[in-house]
Amino acid sequence: MNTFLSSVAVLLSTLALLCSGYTAYQVFTLQQTLNAANVGNSTATTSTQRTSSVETNTALSNTTPSPLETSASSSPTTIAQSTATASAAIKPGQFVQPSFGQKAEVELLSVKRIKDPETGNRDVINVQMRIRRLATNGINPAESVGVYSTTARNPDTSETYKGVNLNRSTGSIALFTLRPKASADAYVWLRIPESVNNIDIFVPDTAAFKNVPVSN
């Protein structure tokens, strides 16, 4: 009888051990499955984040203007410089002064900086003017506008400037050679530093032209 009971006890112990092992195995398997699932979810999340980051960077690069686009756009400074250059040109009738009293008048047509063909420097200003006879009579043969003797002055420093030479001018315009109300165009080259942008111009026997802009 004792032997039988012992055998039964051993059998039950064995079955209990087998059940415990099987349960442990199931728990282990379930744990492995959960770990694998967690790893998969983490990988998917990381991949999604990387994809989102790439898409964001791509969108930013597409919306950021390129250097060429930036340089092509007009900045306020560039617009202001262009406006200043355009406004430097003399308008018709802007600079007109009497000459020889009321017998004639001189009108500035343009005051433009040019390059000296001999030196290559831009220290020369070409002053173009129009001389118009107003008087119908009483013109003295000696009354001539000496264009070649035209000078200029820096209104800021009072520095004076002279013509390049006689050959770089029209010379002089005699009023008696013009019919009443007729005009003649003339020019003179003045040597003026490139840094000077406004000048006073003095044509002989003519009222002064003050603060004349120099165009480039």
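Is D200 buried or exposed? D200 is buried, with a relative accessible area of 4%, where buried means under 20%, exposed over 50% and partly exposed in between (1.4 Å probe, protein chains only). This is a predicted model, in which local features need pLDDT of at least 70 and side-chain atom pairs count only at pLDDT 80 or more, while totals for chains, interfaces and linings use all residues. Residues are numbered from 1 along each chain as its sequence is written, and side-chain values use heavy atoms, with hydrogens and water left out.

Here is a tour by topic.

**The sheet β1-β2-β3-β8**

- Strands here are DSSP runs of E with at least two residues, numbered from the N terminus.
- Four of them form an open, antiparallel sheet in the order β1-β2-β3-β8; two strands pair if DSSP finds at least two bridges between them.
- β1 (96-99) and β8 stand at the edges with a single partner strand each, so one side of each has no neighbour in the sheet.
- On average, neighbouring strands of this sheet are turned by 30 degrees against each other, direction ignored; the axes are lines fitted to C-alpha atoms, and angles run from 0 to 180 degrees between N-to-C directions.
- Within the sheet, 10 bridges join β2 and β3 in the antiparallel sense.
- E107 stands opposite R130 in β3.

**The sheet β6-β5-β9-β10**

- Another four strands make an open sheet in the order β6-β5-β9-β10, again with antiparallel pairing.
- Its edge strands are β6 (160-161) and β10, each of which pairs on one side only.
- β5 (residues 151-153) and β9 run antiparallel and are joined by three bridges.
- A152 has I201 in β9 as its bridge partner.

**The nonpolar core**

- A nonpolar core is a set of buried Ala, Val, Leu, Ile, Met, Phe, Trp, Tyr and Cys residues joined through side-chain atoms within 4.5 Å.
- The largest one has 32 residues, and those with the most contacts inside it are L108, V111, V127, M129, I199 and I201.
- At least two residues of this core come from each of β2 (104-114), β3 (124-133), β8 (183-191), β9 (198-202) and β10 (209-213).
- What does L108 touch beyond its neighbours within four places in sequence? L108 is in contact (heavy atoms within 4.5 Å) with I90, F95, V127, Q128, M129, I201, F209 and V212.

**Salt bridges**

- Side chains of opposite charge can pair when their charged atoms come close.
- A salt bridge is counted when a side-chain nitrogen of Lys or Arg lies within 4 Å of a carboxyl oxygen of Asp or Glu, and by this rule there are six.
- One of them joins R191 and D116 at 3.0 Å, N to O. R191 sits in strand β8 and D116 in the loop between β2 and β3, 75 residues apart.
- R191 is partly exposed, with a relative accessible area of 32%, whereas D116 is buried at 4%.
- D116 and R191 are also linked with D123 in a network of salt bridges.
- Another salt bridge brings R130 and D185 together at 2.7 Å, N to O. Because R130 lies in strand β3 and D185 in strand β8, this pair ties together parts 55 residues apart in sequence.
- Both partners are partly exposed: R130 has a relative accessible area of 27%, and D185 has 44%.
- D200 from the opening question meets R153 in a salt bridge at 3.1 Å, N to O. This pair connects strand β5, which holds R153, with strand β9, which holds D200, across 47 residues.
- R153 is partly exposed, with a relative accessible area of 27%.

**Two serines to look at**

- S99 has its place in strand β1 and is buried, with a relative accessible area of 0%.
- A polar atom of the S99 side chain lies 3.1 Å from the backbone oxygen of D205.
- Not counting residues up to four places away in sequence, S99 touches A104, E105, V106, V145, P204, D205 and T206.
- S215 is found in the segment after β10 and is buried, with a relative accessible area of 15%.
- Although S215 and S110 are 105 residues apart along the chain, their C-alpha atoms are separated by 8.1 Å.

Note on methods: A polar contact is a pair of N or O atoms within 3.5 Å; within protein, one must be able to donate a hydrogen and the other to accept it, and residues adjacent in sequence count only if both atoms are side-chain atoms.
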